[in-house]
Amino acid sequence: MSNSIRARAHAKVNLHLGVGPLRNDGYHDLVSVFQSLSLSSIVEITPAGTPSASLVAGLRADAPGVPEDASNLAWKAAEALAQRSGETLEPITIALHKGIPVAGGMAGGSADAAATLKALNATLQRPLSQNVLLDIAAELGSDVPFTLLGETRVGTGRGEALAPLLSRGEYHWALAFAKQGLSTPEVFAKLDTMDREPHLSYEAVAQALLKADANALAAALHNDLQAAALSLRPELRKVIAMGERAGALRGIVSGSGPTCAFLCADADAAQEVAAELGVYYRTATATGPAPGATVLEGSTWSI
Ligand code: ATP
């Protein structure tokens, strides 16, 4: 039997992303409605079995563009958890099985961090509570707490202060991934040069979710970062138009992009949109909401 702990965490889409003005500390106040999607990555933690100067003896990812050193969010998550636990841990190796596109505006790195927290926590003699994991998650990055919890939630502050949002029904998405990622800081920097009115109210999204009304949700979807992402990547306009022509209720840029997310009436419509866009782009279908980061059954750990 293999000796490893595996945990899964899901991608997110922003049903609403309102971005307040630039604050003095360089951050923006965000009002974000997150929905987690069935698209997921798996983090696998294995005892390194060899001496190592650091807790993480090695990290491997099965997708290009992912750093395999201490700058990886999963690596940082492991170190932060070990430090907070106060326990002396044996060296580990981390393998990232990436099902979430890199730099796609779908919280791929954050999901890896959340799954790492869950997996490594399961190896502790005295596992930390979910509240402590949320604290560590907030220090790692603003999307990490949401990927830890999943479902549908409103995030305020930098996006890390979360409250659950009542949501009924299942929603069907088609996703179109660009070959080259977009840097989140670059998209925010572009936004700061633009003349705009922040759109912070998510009332219409909340009403649609309460009624399980995909048409109303489509009309209510909003992303303040979209204009900046479109300005940096004008071809995304074509992607959105093409997806809507193929039958999506509505297409939006996901978070900071460049992934475009298309809300569809049902699973068949989502397949159709993904197939038509699939001629030009890498695509996937997904449903939401999905659960938070969880340790997978069958994991074993002995050192
Ligand atoms: P978000 O939606 O939270 O803004 P994203 O999904 O757009 O994030 P990520 O996939 O998290 O973007 O990657 C953004 C950058 O972070 C990458 O280009 C990479 O350099 C770095 N990075 C650090 N850790 C990871 C990780 N575990 N997986 C992918 N990228 C990572």
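Predicted model: local features only at pLDDT ≥ 70, side-chain atom pairs only at ≥ 80, totals over all residues.
Residues are numbered from 1 along each chain as its sequence is written, and side-chain values use heavy atoms, with hydrogens and water left out.

The chain contains 10 helices and 12 strands, where helices (H or I, at least four residues) and strands (E, at least two) are DSSP runs numbered from the N terminus. Its radius of gyration, taken over C-alpha atoms, is 19 Å, close to the 19 Å that the globule rule gives for 303 residues, so the chain is as compact as a globular protein of that length; the rule itself is 2.2 Å times the number of residues to the power 0.38. Of the 303 residues, 50% count as buried, a word that stands for under 20% relative accessible area, with exposed meaning over 50% and partly exposed lying in between (1.4 Å probe, protein chains only).

How many aromatic pairs does the count come to? There are two, given that rings of Phe, Tyr and Trp (its six-membered ring) pair if their centres lie within 6.5 Å, and that planes under 30 degrees apart count as stacked, over 60 as edge-to-face and the rest as tilted. Phe 34 and Phe 146 are stacked, at 4.6 Å centre to centre with 15° between the planes. This pair links distant parts of the chain, since Phe 34 lies in strand S2 (residues 28-47) and Phe 146 in helix H4 (residues 144-149), 112 residues apart; both Phe 34 and Phe 146 are buried. The rings of Tyr 280 and Tyr 281 have centres 6.4 Å apart and planes at 55°, so that pair is tilted. Tyr 280 is exposed, with a relative accessible area of 57%, whereas Tyr 281 is partly exposed, at 25%.
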